[in-house]
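Morning, everyone. Please bring up the model on your screens.

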Amino acid sequence: MKGETITLHGRSYAIPQLPTVVVCVDGFDPEYLERGLSDGILPNLAQFVQKGFHATAKSCMPSFTNPNNVSIITGQPPSVHGIAGNFFLDRTTGKETMIKDDSLLRGSTILEQMSAKGVRVAAITAKDKLRRILAHGLQLNSGGICFSSEAADQCTLSENGIEGVEEWIGRKAPTQYSGDLSLFVLDAGIKLLEEKRADLFYLTLSDYIQHKHGPGAPEANEFLSALDERIGRLVELGAVVGVTGDHGMSSKCNDDGVPNILFLEDALVNKWGLGSARVICPITDPFVKHHGALGSFVRVYVREPGNISEMIDFCKSLSQVELVLNAEEAARELSQPVDREGDFVVVSQKNAVIGSRQDEHDLSMIGDHPLRSHGGLSEQDVPLLLSRPISDDSKLRCKAGWRNFHVFDLVLNA
């Protein structure tokens with residue numbers, strides 16, 4: 001298959017000639033990389049920086065898990081692929097729904113196109129909510145593999161392309177709230193590579209540690225050191241390895257350590273009355289202990305269209321708010337699918353999060369650590385690294401600025 005390519009959304013990707021791995025480190029704020037390099041705990045990633053390629057890239061908005069993972073595997077922003085959050089309000093049915101399959105995905109993915117060409121694809125995720133999206137179109141009955149470490153004990157050949165994962169890896173599926181949820185993903189990728197069972201890998205992790213521990217904390221250092229060791233093993237086995245993140249991570253507390261939360265639906269109801277607006281938090285997912293469903297980007301749906309302009313002005317006046325855009329502005333400026341947008345979106349300042357109603361968020365779930373979260377403009381920066389240098393042509397292709405969804409272009413074309 002040498003010299004062959006696949007084309008998706010106007011961009012061509014070479015069929016891999018060497019084992020090729022993309023790792024998405026969930027919550028990979030550049031501060032973790034910078035601190036880890038300065039502390040000397042990331043020797044393998046240091047080699048990427050010194051002898052390969054390194055840039056600080058931008059993730060997509062909102063800076064949440066689903067939109068960015070789908071952007072990475074499609075090479076495009078949410079305006080193209082249609083996945084604009086972890087959680088959404090369906091205007092047609094009025095139902096608030098978790099996105100946990102590929103039914104809202106528009107178009108194909110790089111993984112699907114490679115699989116159709118006979119490339120053996122392994123897509124492994126920490127979070128099962130992503131698994132059905134990653135599996136979109138994969139040939140799971142002819143070499144393709146897709147499973148989550150969260151549900152590793154439930155894998156079947158028909159559903160995942162692999163079975164008996166716990167016995168194969170040699171340990172039980174990790175608990176949902178653990179750093180091992182991510183390390184299990186990397187260990188599975190390494191074992192598949194050792195056994196030569198896949199050609200193209202997408203390994204995407206969990207941000208449990210980053211939500212609880214900032215850069216330089218012992219727990220963060222321990223996790224990142226273990227991650228670095230496994231990335232080094234992938235390179236040692238002969239793989240071309242690209243590493244990026246789906247979003248960064250920021251402290252969301254006041255100077256006294258108290259979470260800085262704007263309960264926006266409560267504020268709107270207090271001014272315009274019960275039922276006047278519904279605030280949807282797209283960060284919402286089954287991992288509520290990470291963040292209490294509190295992030296830095298929300299969508300607002302208004303009962304009376306005539307109130308939209310006044311509500312926007314009111315939201316702009318709130319101290320925790322950085323940006324307010326109507327649906328058309330959000331689609332244009334943040335590359336969102338306009339038909340899946342709220343009446344307007346609200347983005348918080350770096351040190352704040354936005355909730356809906358106070359009674360909808362269980363803050364006891366995050367009481368054992370300072371609140372750290374993401375979703376806003378302030379969490380768009382992520383590292384973008386490659387285990388080998390890139391060509392001048394690759395640099396020119398991204399002269400407008402690096403994005404995390406350029407990572408497959410780098411590992412396959414650079």
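Start with the packing around helix H9. Its buried residues pack against strand S3 (20-25), strand S7 (121-125), strand S8 (145-148), helix H8 (165-169), strand S9 (200-204) and helix H11 (218-236). Buried means under 20% relative accessible area with a 1.4 Å probe, protein chains only, exposed over 50%, partly exposed in between. Packing rests on contact, meaning heavy atoms within 4.5 Å. Helices (H or I, at least four residues) and strands (E, at least two) are DSSP runs, numbered from the N terminus.

A word on sources. This is a predicted model, where local features need pLDDT of at least 70, side-chain atom pairs count only at pLDDT 80 or more, and totals for chains, interfaces and linings use all residues. Residues are numbered from 1 along each chain as its sequence is written, and side-chain values use heavy atoms, without hydrogens and water.

Back to H9. Twelve of its 15 residues are buried, so the rest of the structure largely encloses this helix. Among them are Leu-181, Phe-184 and Asp-187. Just after H9, Lys-196 takes a positive phi of about 55°.

Next, the hairpin. S1 and S2 form it, with two residues between them. Four bridges join the two strands, which run antiparallel. Strands pair if DSSP finds at least two bridges between them. Thr-5 stands opposite Ala-14 in S2. On S1, Ile-6 and Leu-8 make the covered face; Thr-5 and Thr-7 make the uncovered one. In the turn, His-9 has a positive phi of about 55°.

Last, the open sheet. Four strands run in the order S13-S14-S16-S15, with antiparallel pairing. S13 and S15 stand at the edges, each with a single partner strand, so one side of each lacks a neighbour in the sheet.
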